[in-house]
Amino acid sequence: MSLVPPYIESLRAYEAGRTIESVQRQYNLSHIAKLASNENPLGASPKALDAIARTLDGLNLYPNGGLDLRRVLAGEFEVKVENVIAGSGSEGIMSNIIRTFLGDEDEVLTTEAAFIGFQVLARSRGVTYRTIPYRDWHYDLLAIAQAINPHTKIIYLANPNNPTGTIFTRHQFDEFYAHVPERVLIILDEAYFEYAKDNPRYPDSMHYRYDNVITLRTFSKVYGLAGVRIGYGFAHEELIRNLLKVKLPFEPSTLAQAAGIAALADKEFLHRSLALNTRSLRYLTEELAAAGLTVIPSEANFVMIVLPSEQHVERLSEGLLSRGVIVRPLKAFGLPHCLRISTGTDEDNRLCVDTVRSLG
Ligand SMILES: Cc1ncc(COP(=O)(O)O)c(C=O)c1O
């Protein structure tokens, strides 16, 4: 269709994983373990849910663009309000970054099979999108630095990475950063920050407040608010000032902002979620490996499984689905021979491992 630019025509719309209801209906099952989207299996932060209920009264009024949440985050992370942005999920902010900083001749550089949300956003801008292969399922940061050319404008790094679950270390990031010119913007996507932050080798980017680094974080994962759409970012005030010109003025919603503020204070839920995840990661990693699968050690709330072929992925994911376990094949990311399994409740993790064993 001539109305549509070729770089949009050639995209494929994001295909969400199977819903609990559709799998329940198809296989006539009473319990489904949804281990497909890296969500929090404990539900949402109870404090966030209370805050949402308390906010219902004011919904006839427009939101204030995330200002309340920005103030709270500035206090918590000891930066200025001018260094903080809030948006409809970290993907909402990613979309603003792409619209704010990319010109037609600019290029985006990242790893192969990067987080699919970023791939979709960057490709929809119609600029050149270049990728560097993984090295042992980790970002090859030095190869990425070496691939910078005069057109490179944005480098996207997720740490921990989705879908591999791996991290790059402080030392690796320092070495990489030394090679990056100031005219290149680095997006440090820390959607899974809370799961990795206690690893002493993990580079918490709040210690790297460089002028060309934007940190993105989210309430979708450990705080259990994926359905609410609330995320935030930190950067130099000049970057934030320009992002605020492009951002939809009334994002995030009033409910999302209130939920985020309350979730941040819900340390009990945070600790409970992290404790479950630590236990689940260990269990899934050990037991799936014992069942004969190649499991990539993860620092996030999921593990990636590497199989011999796409057919093996289809067979395993269909087999799991038929017993009520939804996992995520990674073809759309660009890894047709891999699949990803999110951590669940103890019961759901067990169902997953038992099913893998029974499928042989
Ligand atoms: C690396 C990464 N970044 C960002 C997101 C999206 O987060 P949000 O729900 O805040 O848009 C995800 C979600 O899966 C992710 O894996």
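**View 1. The largest pocket of this predicted model has a volume of about 810 Å³.** A pocket here is an open set of points on a 1 Å grid over the protein atoms alone, with protein on both sides within 12 Å along at least five of seven lines, and its lining residues have an atom within 4 Å of a point. Grid points are joined across faces, edges and corners, and a volume is the space filled by probe spheres set on the points. The lining of the largest pocket is made up of 27 residues, and R12, E15, R328, K331 and A332 lie nearest its centre. Two or more lining residues come from each of α6 (116-124), α13 (310-322), β11 (325-326) and β12 (328-329), and α13 gives the largest share with six residues. Helices (H or I, at least four residues) and strands (E, at least two) are DSSP runs, numbered from the N terminus. Sorted by class, this lining holds 14 nonpolar, four polar and nine charged residues, where Ala, Val, Leu, Ile, Met, Phe, Trp, Tyr, Cys and Pro count as nonpolar, Asp, Glu, Lys and Arg as charged, and the others, Gly among them, as polar.

The model is predicted, and local features need pLDDT of at least 70, side-chain atom pairs count only at pLDDT 80 or more, and totals for chains, interfaces and linings use all residues. Residues are numbered from 1 along each chain as its sequence is written, and side-chain values use heavy atoms, with hydrogens and water left out.

**View 2. The second largest pocket, with a volume of about 710 Å³, is the space taken by the ligand.** A molecule is said to sit in a pocket if more than half of its atoms lie within 2 Å of the grid points of that pocket. The second largest pocket is lined by 34 residues, of which Y14, S37, E91, F115 and K221 are the closest to its centre. At least two lining residues are supplied by each of α2 (20-27), α5, α6 and β5 (152-158). The classes in this lining are 15 nonpolar, nine polar and 10 charged residues.

**View 3. The ligand is surrounded by 14 residues, the closest being S90, D189, Y192, T218 and S220.**

View 4. Of the 400 Å² of accessible area that the ligand has on its own, the protein covers 94%, with areas taken from the Shrake-Rupley method and a 1.4 Å probe.

**View 5. The largest cavity has a volume of about 70 Å³.** A cavity is a set of grid points where a 1.4 Å probe fits but cannot get out, and a search of the whole structure finds one of 30 Å³ or more. The residues that line the largest cavity include E39, N40, Y195, S273, N301 and T343. Helix α12 (residues 267-290) provides the largest share of this lining, four residues, and the classes are four nonpolar, seven polar and one charged.

**View 6. The peptide bonds from N159 to P160 and from E251 to P252 are cis.** Omega is near -5° for the bond from N159 to P160, and P160 lies in the loop between β5 and α8 (170-177). For the bond from E251 to P252, omega is near -5°, and P252 is found in the loop between α10 (237-246) and α11 (254-264).

Definitions and conventions. Near = heavy atom within 4 Å.
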